[in-house]
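Student: I have a structure to go through. Can we work on it by question and answer?

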Amino acid sequence: MTTVPMMHAMIVAAILLGLGLTGLLVRRNIMFTLLSIEIMLNGAGLAFIAAAAHWKQADGQVMYLFIITMAAVEVAVGLALVLQMYHHLRTLDLDAASSMKG
Amino acid sequence: MTLEQIRALLPLIILVGAAVAIMLGLAVRRNHAFTVAVAVGSLAAAILSLALGPTVATPITPLLRLDGFSVFFSGLILAASLFVAVLSHGYWNRRRTVISEEFYILLLLAAAGSVTLTMAVHFASFFLGLEILSGSLYAMIAYERDRQAAVEAGIKYLVLAGGSSAVLLFGMALVYARTGTLDMAAAAAKLAGALDVLTLAGVAMILVGIGFKLALAPFHLWAADVYEGAPAPTAAYAATVSKGAIFALLVRLAAAMDIQSNPPFQATLAAAAVITMFAGNLLALRQSNLKRLLAYSSIAHMGYLLVAFLAAGTLGRTAVGFYLAAYIITTLGVFAVMIVLSGTERDADRLEDYIGLSRAHPLLAAVFAGMLLSLAGLPLTAGFVGKFYLLAAGVGAHLWVLVAALVISSTISLFYYLRFIAAAYAQPAAPPALPAAVAMPRLARLAIAVLVILLLWLGVYPAAVIRAIQEAVAIGR
């Protein structure tokens, strides 16, 4: 079995992070915003996995487990807030959530 | 794990244990006063266990380390959490519509996350502490879910904190890819000051992540909206505990990695400090909402702290420790006044709410004025001595541009603080917007009295505290 060089995996991870960041900046729908954050987190997770494989250690994989746990927390709280937002505003558009100015 | 290590871990064990105990207790019976008592008791017990804990630096697994540095900052954080818990009692009592008990679970967990941050010497514990803190903060910000502004603020904070966490993690992964270790000191030793493109980008991304959480310019835009939407106790918590913990971590990370002596980072951070000081103070000028004003003022104060941070060395770290203590006491004082004045419907955060405060509550008005003067850095208050130390650290390290920016921007800040003080001592033209006869809970009165005593003590006789901080940060290295 041939191994994937670490740099290639890192580039994929960076692309994921960039895609997520672009989505975060461009999309106005809260569901897509949450999705974009997940993609960014997975980019970081992939980078950890690649680095761990390179160093033949488990540390990076442990970090990945922490990252999915944290992503689950984020989604759980995030979706609860989305429900509340829909309850108040009847829309999932983030631009509508701008009652505070100054 | 040895007994000594368990003793060192006691504060965390107590906090998490109390959070679980409250959660289980709520399943049986709800009682607000009892919940507050458990929360305050466990925070006090955690402080006591810190004071009675190991006196020598104790590594607890490769992840955490209890030394003078973490004892000092954990103590500060736990004490601030205790004040917020005490003040929340009266606040939630007045808001009968909200179920209030779960707030204290979140508060204890956030405190546990913050304590983890001050002890973290490993990227894994850094990340875990940060996420326990932010995860609790999301829920604390959106706690009054019936208010649209609170939900908006929660979503805003969640999206930005989630995105910045991902950037921070990617930075850690890059450093890990190059060094093969997640231990901060070991990674720094492997890099030995020579950073290539990969690690330069990695450390830069970590700093961006931290900058977001501290609301340093240019990542400061979220703070005002989040503070405005959040209930006053949460805003107080985010402004004091969360910022203090993250700044403590930044100081430890920088001491391990020697960030201040690395020219590109030094230049970037110095630029960020100048922009942060001016952006915070200039944006605060236009605010007539006290929460937004405090958000911008806290941004500016993080900029001041960066001056001492960049000065590095023992003097720089002592200045950071003292200024953070002074900042936390003072900010808690202002929020305490806001919390006791807040009514059943909304928080007392408008300028109109404070017009004629000196007539209705002369003592409270005096406390309010004193706290704001300390934020502005006038003599006889903790803020003055703190600012003096920041300047001394900056001058000692020959950071002239930063020192000049600090002096000019804090002069600007006088204007908006004085505006609120003037309002408090003005003649009310119309009957006050909030009912004048706010029954002040005895506990809140006690908390405010203690804050005032601390403020004057640090302002008039700071020598003892400064000596303690010097010892603490000397071990921290």
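Student: What pattern does chain A follow along the sequence?
Tutor: This is a predicted model. Chain A has 3 helices and 0 strands. Read along the sequence, the pattern is α-α-α.

Student: Is chain A spread out or compact, judged by its radius of gyration?
Tutor: For 102 residues the globule rule gives 13 Å, and the radius of gyration of chain A is 17 Å, well over that. The C-alpha trace spans about 55 × 30 × 25 Å along its principal axes. Chain A is therefore more spread out than a compact globule.

Student: What share of the residues in chain A is buried?
Tutor: Buried here means under 20% relative accessible area. Of the 102 residues in chain A, the buried share is 38%.

Student: Where does α3(B) bend?
Tutor: Helix α3 of chain B covers residues 68-94. Its span from first C-alpha to last is 40 Å, close to the expected 39 Å. The bend is about 30°, at B:S88.

Student: Why is α3(B) described as largely enclosed by the rest of the structure?
Tutor: The helix has 27 residues. It is largely enclosed because the number of them that are buried is 24.

Student: Which residues have the most contacts inside the largest nonpolar core?
Tutor: That core has 220 residues.

How values were computed:
Residues are numbered from 1 along each chain as its sequence is written. Chains are lettered from A and ligands numbered from 1 in the order in which they are written. This is a predicted model: local features need pLDDT of at least 70, side-chain atom pairs count only at pLDDT 80 or more; totals for chains, interfaces and linings use all residues. Side-chain values use heavy atoms; hydrogens and water are left out. A nonpolar core is a set of buried Ala, Val, Leu, Ile, Met, Phe, Trp, Tyr and Cys residues joined through side-chain atoms within 4.5 Å. Buried means under 20% relative accessible area, exposed over 50%, partly exposed in between (1.4 Å probe, protein chains only). Helices (H or I, at least four residues) and strands (E, at least two) are DSSP runs, numbered from the N terminus. The expected span of a helix is 1.5 Å times one less than its number of residues. The bend at a residue is the angle between axes fitted to the seven residues ending there and the seven starting there. The radius of gyration is taken over C-alpha atoms; the globule rule is 2.2 Å times the number of residues to the power 0.38.
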